[in-house]
Amino acid sequence: MANLNIDSVKDRTFDAIVIGSGMSGGMAAKELTDHGLKTLILERGRDVKHIKDYPTTNMYPWEFPHRGVIPMDVQEANPIINRCYAFREDAEHFFVKDHEHPYVQTKPFDWIRGYQVGGKSLMWARQTQRWSDFDFEGPQRDGYAVDWPIRYKDIAPWYSHVEKFAGIAGNRDGIPELPDGEFLPAWPLNDVEQYFSDYVKKNYKNRHVIAARCAHLSKPNQIHLDQGRAQCQERILCQRGCPFGGYFSANSSTIPWALKSGHATLRPFSVVESIIYDENKGKAVGVRVIDSHTKETIDYYSRIVFLNAAALNSNLVLLNSKSNRFPNGLGNDSGILGKYFAFHNYSAHIGAEVEGFTEWTTDGRNPAGGGYIPRFRNVYKQETDFLRGYACGLSAYRFKQHKTEGAGSELKENLVKGDLGPWHVGSHMMGETIPKEINFVALDADKKDEWGVPLLNISVDYDDNDMKMQKDYIDQMTEMFTSAGFKNITPSTNHQAPGLDIHEMGGARMGKDPKTSILNEWNQVHLCKNVFVTDGACMTSTSCQNPSLTYMALTARAVDYVVSEMNKGNV
Ligand SMILES: Cc1cc2nc3c(=O)[nH]c(=O)nc-3n(C[C@H](O)[C@H](O)[C@H](O)COP(=O)(O)OP(=O)(O)OC[C@H]3O[C@@H](n4cnc5c(N)ncnc54)[C@H](O)[C@@H]3O)c2cc1C
Ligand code: SF4
C-alpha cells in the first residue's frame, strides 16, 4: 500500500466496516447508519437491487423454459444445491452453484449459499421465532457447550426493535417457551390445521400447534411504508424476490434504508480476505479486500468492524486473519475458533391423509406456510434419553389429482381438469444439535480459491443424540397423528448431510471466558475489542427455533453497545 497517497487512504477510511450484506450485515448497516456512522458495506457477490434485479418475479408459469423445474443437466452439475428444496428454476439465479466456490468436505456437508447483496435473506423461508430462557439456559442446565453470557431479558428489547422494523406476522400465543413478539396479524391456520391444533390443545399438556410466525407484512405499519414496502399480496412466489417488499429481505429493507441515510457506501464484488490487526495499536484497523473481478488487493480502514459473512465464511475470515499476535486467527489464543460448530437436525418428515373437510377446496395460500409446533420435549424437565428437543413444521394441503388416461383431446381434458384429492398433512422436524469440539471447520492446508484464499474444510456430523431425537420425533408425531384420526401415516427419515437445514451456527461462540469462547456478551471479540461477529458464528448453542431473527437482534444490540462505547472513547 506504500505507493498510495494520503487522500486515497482517506477515501478508504470509514467509521465502520460491515463484511457481508445479507440478513445480519444488512441489519448492522442499518443500525450503524441510523447512528450516523460512515459505514462501508463489503459484499463479495454482485449487487441485487430491490425489484430491478428480480428477473423472474412477474413471470407466468408458461414463460419459464422448463416450467419451473431445474433441467436435468443443471441438476447433475449441482448435486449439492439440487438437494435444497428451494433450488427451482424461478430462483436458480440466487444460489451459488456447486462448481463456483468449492470447499473441502472432510465429512459430507451441503453448503447452501447466496453470494450477492442481500445474501440468503432473498432466499429464506421467513420463519421467525424468539428464543426463551429455556434455550439460553440449555447449555448450563444440561452441561454441554459453555453457558451463554446473556439471557432472554438481555435480548428481548432487541427482538422487539428488529421485529417492529422487519414486520413479523404472528399471534400472541402466550407460550413461555416461545415468547410473543411485536406482531402484525397472523395468517390463520386452515381448517385442517386448526382441527389438529384444537385436538392437540385438548389432549396434550404443554403441546401447541400455532400459526407460523413469519417476516411478512400482513398489515404494514408506517415504518414499513417508509421503507417503500407494501402489504403482502399472498402470491407465494417469495423465492423470486418480492416486488411489493411483502417479505423482509436486506434488499427490500435494511440495505436501501442504510443507503438512503447518506452514510453508507456499498461495495459489491469485494471478497474480504482478512481483518487487518495492528499490533502496536492492539486492535483491528481495517479489512483487506480482493476485488473479485480485477483481483486487486485493497485495504479499507475503520474504527470498528462487523463480521457478517454468514457463519461458515465468518469463521473462514477470522481463521485467515493471521498476524504475529494471532498466528492462528484473530482472537484465537484459545485454539477453539472453528470448533463447536453446529446446525439443525432436519432429518425426518411425516405425512398423513385426512378424511373429511372436503367442503374446503383450498389450503389458503398462506405465505407463512401453515402451523408451527414449538419444542415440547425436555422443556420443563428432562424426560427423554436425549438432550434438548425439536420443533415441528405443520401444514395441511390438497392437490388436484390428474388422470393420465386417454389420448388426444381426452388426455388433454383429463390432464387439465383433475379432481381434488383428499387432504394431506405434512410435518418436518427441526432439531437442536449439541455443539461438540469434534465438529469443526478449518482452513484447508493446501487448497485455495481463485483469489488465493484458503478453502474452508468442513468436518461436521450427526451424533447419537441426533438419531435418538429423530426417532422420538417420528414416534411422537405418529402417535399424535394416529390419535387425531389421520390415516396412511408415512414417516420418513433420511440421511441428508448436515447443511441442508441452512442454519449453520458456532465456531466463534459467545461466552464469559476467553479461554473457552471467542466472543463476549456483546458479540465482541474478547481479544480484539473493535471487531464484532453477529451472524450464526456467534451462537453458543442452537436451540431449535429458526435463527435469523436472533442474529438480527444480537446485531442491533451489539451496534447499540459499540456506539455507546465509541461515544465514551472506549473503542
Ligand atoms: C431456502 C432457505 C430457507 C431458509 N429459511 C429460513 C427461515 O425460515 N428462517 C430463518 O431464520 N432462516 C432461514 N434460512 C437461513 C437464513 O437465510 C440465514 O440464517 C440468514 O440469511 C443468515 O444471515 P447472515 O447475515 O449470516 O448470512 P447471509 O444472509 O447469507 O449473508 C452473508 C453475506 O456475506 C457475503 N460474504 C460471504 N463471505 C464474504 C467475504 N469473504 N467477503 C465479503 N462478503 C462475503 C455473502 O455473499 C452474503 O451476501 C433459510 C435459508 C435458505 C437458503
Ligand atoms: S407472498 Fe407476499 S411476500 Fe411473497 S411474493 Fe407474494 S406478496 Fe410477496
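Reply: Let's start with the overall layout: the centres of domain 1 and domain 2, taken over C-alpha atoms, are 30 Å apart. Domain 1 covers 2-170 + 212-346 + 434-461 + 498-567, while domain 2 has 172-211 + 347-387 + 389-433 + 462-497; these bounds come from an automatic or database domain assignment. Where they meet, domain 1 puts in 54 residues and domain 2 puts in 48, with contact meaning heavy atoms within 4.5 Å.

A bit of housekeeping: this is a predicted model, so local features need pLDDT of at least 70 and side-chain atom pairs count only at pLDDT 80 or more, whereas totals for chains, interfaces and linings use all residues. Residues are numbered from 1 along each chain as its sequence is written, chains are lettered from A and ligands numbered from 1 in the order written, and side-chain values use heavy atoms, with hydrogens and water left out.

Now the ligand. Ligand 1 has 37 residues around it, and the closest are Ser24, Glu43, Gln116, Lys120 and Ala125 (near means a heavy atom within 4 Å). By class, the shell splits into 16 nonpolar, 16 polar and five charged residues; here Ala, Val, Leu, Ile, Met, Phe, Trp, Tyr, Cys and Pro are nonpolar, Asp, Glu, Lys and Arg charged, and the others, Gly among them, polar.

As for polar contacts (pairs of N or O atoms within 3.5 Å), Glu43 has a polar side-chain atom 2.6 Å from an oxygen atom of ligand 1. Lys120 places a side-chain N or O atom 2.8 Å from an oxygen atom of ligand 1. With Val272 the backbone takes part: one of its N or O atoms is 2.9 Å from a nitrogen atom of ligand 1. On its own, ligand 1 has 1,000 Å² of accessible area, and the protein covers 97% of that (Shrake-Rupley method, 1.4 Å probe). Helix 2 (23-34), strand 8 (270-278), helix 10 (311-320) and helix 13 (548-567) are the elements giving two or more residues to the shell; helices (H or I, at least four residues) and strands (E, at least two) are DSSP runs, numbered from the N terminus.

Gln116 also leads us to Val48, which touches it along with Asp53, Tyr54, Phe94, Val117, Leu122 and Asn251, leaving out residues up to four places away in sequence. Val48 sits in the loop between strand 2 (39-42) and helix 3 (72-77). Its relative accessible area is 2%, so Val48 counts as buried (under 20%; exposed is over 50%, partly exposed in between, with a 1.4 Å probe and protein chains only).

Conventions
A polar contact is a pair of N or O atoms within 3.5 Å; within protein, one must be able to donate a hydrogen and the other to accept it, and residues adjacent in sequence count only if both atoms are side-chain atoms.
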